[in-house]
Amino acid sequence: MKTKSIFFLLISYLVLTSCGSIKSTIKNIDNAAIKPAIKDKQFILTEYDLSGNYGYKMDYPINLGFENEKYSPKNITYFFNALTGPNGEKITYEKIDTCCPFPTKKSSNGAGTLDIYQITIEGTEKKINLYLNIYEKGKVVCPKGFKIKNKG
């Protein structure tokens, strides 16, 4: 899997640097977004997405790029630690793929990719795929179909 990821990033970089016309299609980047507060290794989320696009569509990924790309993966853990299933069920998550290269100045090589995570809700067979972006910033909210974990 590691070789596949390195190969994909190399191809993505070559495509992005050879074609000046490639543009990002991500519609929810917000460079003024503030990183959510963290408590007990989870983001403190206060809002829900009602559109059904957030995280479910590659043009509306969950943007967690609040730090350098090397340190941003911890934000993925903080994000998923803040969620439960729709009725408070425990969730598990696993990165299953990388896709959708886009140009970014927030990457060491000028290209970013989205990570696809598969989420399983305890007690169900249901698997949900969400797109995450560790390069760009955006407002972080709870995706439709999930619930904010109550810490208190």
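Glutamate 136 is buried at 8% relative accessibility, where buried denotes under 20% relative accessible area, exposed over 50%, and partly exposed the range in between (1.4 Å probe, protein chains only). The structure is a predicted model, in which local features need pLDDT of at least 70 and side-chain atom pairs count only at pLDDT 80 or more, while totals for chains, interfaces and linings use all residues. Residues are numbered from 1 along each chain as its sequence is written, and side-chain values use heavy atoms, with hydrogens and water left out.

Glutamate 136 forms a salt bridge with lysine 106, the closest N and O atoms being 3.5 Å apart; a salt bridge requires a side-chain nitrogen of Lys or Arg within 4 Å of a carboxyl oxygen of Asp or Glu. Because lysine 106 lies in the loop between β5 and β6 and glutamate 136 in the loop between β7 and β8 (147-148), the pair ties together parts that are 30 residues apart in sequence. Helices (H or I, at least four residues) and strands (E, at least two) are DSSP runs, numbered from the N terminus. Lysine 106 is partly exposed, with a relative accessible area of 34%.

## Other salt bridges

The count of salt bridges comes to six. One of them joins lysine 27 to aspartate 59, with the closest N and O atoms 3.4 Å apart. Lysine 27 lies in the loop between α1 (2-18) and β1 (38-39), and aspartate 59 in the loop between β2 (42-43) and β3, so this pair ties together parts that are 32 residues apart in sequence. Lysine 27 is exposed at 52% relative accessibility, whereas aspartate 59 is partly exposed at 22%.

Lysine 35 pairs with glutamate 67 in a salt bridge whose closest N and O atoms are 2.5 Å apart. Here the loop between α1 and β1, which holds lysine 35, is tied to the loop between β3 and α2, which holds glutamate 67; the parts so joined are 32 residues apart in sequence. Both residues count as partly exposed, lysine 35 at 25% relative accessibility and glutamate 67 at 26%. Lys35, Glu67 and Lys74 are linked in a network of salt bridges.

## The sheet

Four strands form an open sheet with mixed pairing, in the order β3-β7-β6-β5; two strands pair if DSSP finds at least two bridges between them. Strands β5 and β6 run antiparallel and are joined by ten bridges. Aspartate 97 has isoleucine 116, in β6, as its bridge partner.

Aspartate 115 is found in strand β6 and is buried at 8% relative accessibility. The side chain of aspartate 115 makes a polar contact with the side chain of lysine 95 at 3.3 Å. A polar contact is a pair of N or O atoms within 3.5 Å; within protein, one must be able to donate a hydrogen and the other to accept it, and residues adjacent in sequence count only if both atoms are side-chain atoms. Beyond its neighbours within four places in sequence, aspartate 115 is in contact (heavy atoms within 4.5 Å) with Ile76, Lys95, Asp97, Thr98, Leu130, Tyr131 and Leu132.

## The nonpolar core

The largest nonpolar core has 34 residues, and those with the most contacts inside it are Leu45, Phe79, Phe80 and Leu132. Such a core is a set of buried Ala, Val, Leu, Ile, Met, Phe, Trp, Tyr and Cys residues joined through side-chain atoms within 4.5 Å. At least two of its residues come from each of α2 (73-81), β5 (91-103), β6 (111-121) and β7 (127-133). The greatest contribution is that of β6, with five residues.

Apart from its neighbours within four places in sequence, phenylalanine 79 is in contact with Phe43, Leu45, Ile62, Leu64, Leu132, Val140, Val141 and Pro143.

## Cysteines

One disulfide is found in the whole structure, a disulfide being a pair of cysteine sulfur atoms within 2.5 Å. The bond joins cysteine 99 to cysteine 100, with an S to S distance of 2.2 Å. The torsion about this S-S bond is about -75°, so the disulfide is left-handed. Cysteine 99 is buried, with a relative accessible area of 13%; cysteine 142 is also buried, at 0%.

## Serine 108

Serine 108 lies in the loop between β5 and β6 and is exposed at 71% relative accessibility. The C-alpha atoms of serine 108 and asparagine 68 are separated by 9.1 Å, the two residues being 40 residues apart along the chain.
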